[in-house]
Amino acid sequence: MSRVSPLSQASLSLSRARYSLGPWARIVALAVCALLTLGPVIWTVSTSLRTPAQSFDLPPKIIPTHPTTEAYRGVFDQIDVWLLALNSTLVTALIAVGQMVTAGLAGYAFARLEFRFKKPLFGLVLATMMVPLQVTIVPVFLVLKSMGLTDTLLGLIVPAFPTAFGTFLMRQYFLGMPKDLGEAAMLDGAGPWRIFRSVYAPLAAPGLAIVGVLAFNYHWNEFFRPLILETSGQNYTLPLGLVSLQGNLGTGSISVVLAGVVLSMLPAVAVFVVGQRPLREGITSAGVNR
Amino acid sequence: MTNTQTVSPARPLTRPVAAPRPSRRDRGTRLLATLFLAPTVVGIVVFTVVPIVGSVVLSLFHWNVIDSPSFAGTANYREVFTDSTVRVSFLNTLVFMVFAVAAQLLIALSLALTLNGRMPTWLRSVFRSAFFFPLVLSAASISVVMKYLFNQDFGVVNWLIGLVGISPVPWLTSEHAALATVIIVYVWQQFGFSFLLFIGGLNNIPKEVHEAASLDGATGLRKHLHVTLPLLSPTLLVATVVGVINALQVFEQPYVLTNGGPGDSTRTVVMVIYETAFEQLRFGEASAVGVLLFVLIMAVTALQFRLSRRFVHYQ
């Protein structure tokens with residue numbers, strides 16, 4: 001980095017007296033806060049690399065003196081990590097793809113197609129953004145029960161397909177595209193489907209990425225719905241499996257539970273690294289996290 | 001989204017050409033619209049609209065799934081209002097909301113303002129990533145971790161405060177401390193959300209405003225108080241409204257950390273909904289609590305928008 005200027009600029013500015021200590025104090029304060037924020041995660045990773053017997057040691061050694069994967073073998077012995085991971089992956093991937101499809105199509109219709117009841121329908125979609133899942137969970141459970149979908153992965157997946165927020169986001173996204181592209185195609189004789197398929201859909205990828213990444217982040221970590229819907233262990237997702245693992249092991253082998261936590265975090269961390277931009281855009285764009 | 005290109009003087013000349021189209025195209029458009037909207041609209045009706053109505057209807061019935069439902073009138077609501085656990089859970093949730101949202105906003109705002117100062121770009125993005133990292137983790141798994149960290153006997157937190165001579169705190173096992181611990185764990189994970197909103201809001205404030213304020217001699221806290229905060233107030237409103245809505249629905253943290261205890265000291269409204277419906281199979285009462293929570297959320301949100309008219313400045 002050849003960037004030396006920011007700090008020297010600060011000391012050259014008018015308010016020299018006030019800022020001479022400013023930048024460094026600020027950076028140190030932020031570093032302390034960052035450490036506090038990441039501390040629990042660092043502790044989790046380092047403790048998962050210790051033997052179950054050593055995991056109580058205080059002070060906690062951030063760098064384990066004798067790192068071991070014993071806890072990781074332990075967690076595979078205790079719970080069927082592969083099954084949990086498979087369930088979580090299936091549920092999350094299908095929901096993410098499903099939401100990209102439903103939100104992409106509906107968002108396009110609201111942005112670019114003319115039809116009756118467009119306004120009230122869009123109003124309905126927006127209004128449901130306000131409705132918390134926790135309030136409707138009892139009837140949702142009963143609807144799924146009547147369809148025979150409780151205690152199935154499908155019961156977790158299908159209700160999550162429609163996304164009011166994703167629809168809203170994709171509508172904004174399509175509205176931001178120049179209208180004359182479609183008009184030009186129309187003059188060339190393209191029908192409404194062709195205009196969507198060949199002109200606008202190919203431009204929608206960044207918007208769809210936001211919908212997909214948000215869906216992944218939310219549903220990979222989801223706990224409330226799986227807890228209610230999935231009663232038999234074979235349908236558990238990772239968060240559910242880990243909470244019941246802690247229940248079973250108590251405080252007996254911390255490192256085994258933490259090894260499970262680390263494993264379940266990996267895909268979320270991967271998405272955080274690869275998809276940080278769409279993730280940030282998604283979270284800030286409408287301020288809705290759920 | 002960019003709307004720089006939408007309006008230009010040349011555009012109206014081309015518009016009328018597109019207006020009168022043969023009706024075959026219109027029918028095609030309508031068919032396409034129907035197909036495109038069907039999954040979302042049907043899904044939203046089946047899984048949100050019907051359940052909302054269903055919640056209200058169910059709340060007027062006694063039902064345990066096994067026997068057929070019997071009409072209860074307002075009995076469920078009367079029962080729920082007098083039930084001490086339900087009342088405590090609403091009180092807990094409100095206390096939780098006030099402190100969690102206040103802490104979350106305060107931490108996020110301080111960090112965002114501090115980060116907005118001069119520093120190398122790479123360092124800024126490192127800090128930004130660190131602060132919003134907890135947001136991508138599972139609240140349930142993180143609570144599993146926190147349960148160990150806040151353990152009274154071998155937890156790292158008590159060891160840390162022991163270093164400065166504070167005696168061990170029963171973080172999760174005392175009625176007085178447990179709710180505070182749940183708030184700490186929740187805020188630790190959630191502040192990154194408000195933080196991201198504030199970062200976005202600060203980026204939208206034109207640089208010239210800061211420069212003008214600095215030239216006028218405003219510095220540090222005064223500049224923030226009189227220049228930055230008013231300009232940031234729309235973002236503050238969004239962060240508060242969404243923060244409150246999310247906080248009123250808190251579930252994972254108290255469920256995993258304390259399971260509502262000790263006593264009922266950390267039992268939240270959503271925990272009560274869960275227990276009443278899915279452990280005790282009292283669907284009518286659970287729906288009544290759900291409807292009350294919904295009304296509470298709407299009321300608090302409406303109140304905030306109302307109050308905001310006096311505090312929020314749009315540019």
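What share of the 290 residues of chain A count as buried? Before answering, note that the structure on display is a predicted model.

**Stop 1: chain A as a whole**

Select chain A. Of its 290 residues, 42% count as buried. In a cartoon view, look for 16 helices; chain A has 0 strands. Consider next the contacts in chain A between residues at least 6 apart in sequence: 73% of them join residues at least 24 apart.

**Stop 2: the two domains of chain A**

Where the two domains meet, 10 residues of domain 1 are in contact with 9 residues of domain 2. By class, the side of domain 1 that touches domain 2 has 4 nonpolar, 5 polar and 1 charged residues.

**Stop 3: where chain B touches chain A**

Now display both chains. Here 84 residues of chain B are in contact with 86 residues of chain A. Which helix of chain B provides the largest share of the side that touches chain A? Select helix H2 (residues 23-58) of chain B, which contributes 23 residues. Colouring this side of chain B by class shows 56 nonpolar, 24 polar and 4 charged residues.

**Stop 4: helix H5 of chain B**

Select residues 121-132 of chain B, which form helix H5. At 1.5 Å a residue, the 12 residues of this helix should span 16 Å; the end C-alpha atoms are 17 Å apart, which agrees. Within H5(B), show the side chains of the buried residues: Phe127(B), Arg128(B), Ala130(B), Phe131(B) and Phe132(B). What covers these buried residues includes helix H4 (84-115) and helix H8 (178-203) of chain B, together with H3 of chain A.

**Stop 5: annotated regions of chain B**

The UniProt record, an unreviewed entry, places the feature "transmembrane region" at several stretches of chain B, including residues 127-150 and 286-305. Select residues 127-150 of chain B: this stretch is 71% helix and 0% strand, and its end C-alpha atoms are 25 Å apart. Then select residues 286-305 of chain B, where the chain is 100% helix and 0% strand, with end C-alpha atoms 29 Å apart. To complete the tour, select the other stretches that the record gives this feature: residues 31-61, 94-115, 177-199 and 231-251 of chain B.

How values were computed: Residues are numbered from 1 along each chain as its sequence is written. Chains are lettered from A and ligands numbered from 1 in the order in which they are written. This is a predicted model: local features need pLDDT of at least 70, side-chain atom pairs count only at pLDDT 80 or more; totals for chains, interfaces and linings use all residues. Two residues are in contact if their C-beta atoms, placed from the backbone, lie within 7 Å. Ala, Val, Leu, Ile, Met, Phe, Trp, Tyr, Cys and Pro count as nonpolar, Asp, Glu, Lys and Arg as charged, and the others, Gly among them, as polar. Helices (H or I, at least four residues) and strands (E, at least two) are DSSP runs, numbered from the N terminus. The expected span of a helix is 1.5 Å times one less than its number of residues. A residue is buried if 20 or more other C-beta atoms lie within 10 Å of its own, exposed if 12 or fewer, and partly exposed in between; C-beta atoms are placed from the backbone. UniProt positions are given in the numbering used here, feature names are shortened, and annotations may be inferred rather than shown by experiment.
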